[in-house]
Amino acid sequence: MAIIQVKDSWEHKINKAQGKTRRGTFTPGHFAGILSGLFGVNIWYKVLKSQIEGDSHCEFEYFPSETTVQQNIHEYARKEQSEQIRKLEHLVDERTSELNGLIREISSPIIPVLEGIVVVPLIGKYDEQRSYDLVQRTLINLPQHKAQYMVLDLTAMSEDVTKGTVEFIDRLATSASLIGTKTVLVGISPEFAISIAKSDYNISAFNCFSTLQHGIYFALSEQGRQLT
């Protein structure tokens, strides 16, 4: 067993010049290899002090080990690989979060088509989180557009219509009415109409039209206006 103290090694100088704050492994590993060769015994080390981390010198403790140099190299490689995998997983999580945010922004935009009239196309399938996000964002933006009429376009909604989907539409339309915006529904498919009829929600209380054009014409007529 031995303790070796090193000060201002070339590795420390390089790390310092590169602005690193964590110790390297070359110097202690180099001495471990030398001692293993000299004594014919597997020698490994433990870092007691590190100059790059604030100590006045580096201090390495050396001792016999049943682990071979090759095994130590493999273990170190596995640790490095695991660290890289963790970094990649973190990066993927960040990118996934960014993409999910982008999808929420563009999947159901609020489109002002005419003064006082906005169109909200509902696209794809809405789970609980996506439904909540859309209701929140729509209620915040409707007053900014001074929307008197909100035309909900259901043409591109998923064909898998559930009771939860009908509840979501009802909640969105009812919430909009509470801030003074009337809702017009357009693009209701036969499957959606059947689901509405079977539900406990009275979506038929809202004006419904087969096409977006008809819905916009209706909103204009309610405002006493017409396209010229």
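What covers the buried residues of α2? The cover includes β1 (2–6), α1 (10–17), β2 (43–49) and β3 (58–64). Helices (H or I, at least four residues) and strands (E, at least two) here are DSSP runs, numbered from the N terminus. "Buried" means under 20% relative accessible area, "exposed" means over 50%, and "partly exposed" is what lies in between (1.4 Å probe, protein chains only). Contact, for its part, means heavy atoms within 4.5 Å.

Before going on, keep in mind that this is a predicted model: local features need pLDDT of at least 70, side-chain atom pairs count only at pLDDT 80 or more, and totals for chains, interfaces and linings use all residues. Residues are numbered from 1 along each chain as its sequence is written, and side-chain values use heavy atoms, with hydrogens and water left out.

Let's stay with α2 for a while. (The expected span is 1.5 Å times one less than the number of residues.) The buried residues of α2 are Thr27, Pro28, Ala32, Leu35 and Ser36.

Now look at the other side of the story. Together with Ile34 and Val41, Leu38 and Phe39 make a nonpolar surface patch of about 400 Å². A patch is built from residues with over 30% relative accessible area and no salt bridge, joining like charges within 9 Å and nonpolar side chains (Val, Leu, Ile, Met, Phe, Trp, Tyr) within 5 Å. The areas come from the Shrake-Rupley method with a 1.4 Å probe, and for residues only the protein chains shown count as cover. After α2 comes Gly40, which has a positive phi near 65 degrees.

Positive phi turns up elsewhere as well. Most residues other than glycine have a negative phi. Asp8, however, has a phi near 55 degrees; Asp8 is in the loop between β1 and α1 and is partly exposed at 39%. Lys146 has a positive phi near 50 degrees and lies in the loop between α4 (128–141) and β6 (149–153), where Lys146 counts as exposed at 69%.

Next, the charged pairs. Side chains of opposite charge can pair when their charged atoms come close. The whole structure has two salt bridges, a salt bridge being a side-chain nitrogen of Lys or Arg within 4 Å of a carboxyl oxygen of Asp or Glu. In one, Arg23 meets Glu53 at 3.4 Å, N to O. Arg23 is in the loop between α1 and α2 while Glu53 is in the loop between β2 and β3, so this pair ties together parts that are 30 residues apart in sequence. Arg23 is partly exposed, at 42%, and Glu53 is partly exposed, also at 42%.

The other pair is Arg86 and Glu83, whose closest N and O atoms are 2.7 Å apart. These two are three residues apart in helix α3 (residues 69–107), so about one helical turn separates them. Arg86 is partly exposed at 47%, as is Glu83 at 32%.

Finally, the cysteines. A search of the whole structure finds zero disulfides, counted as pairs of cysteine sulfur atoms within 2.5 Å. Cys58 is buried at 10%, whereas Cys208 is partly exposed at 39%.
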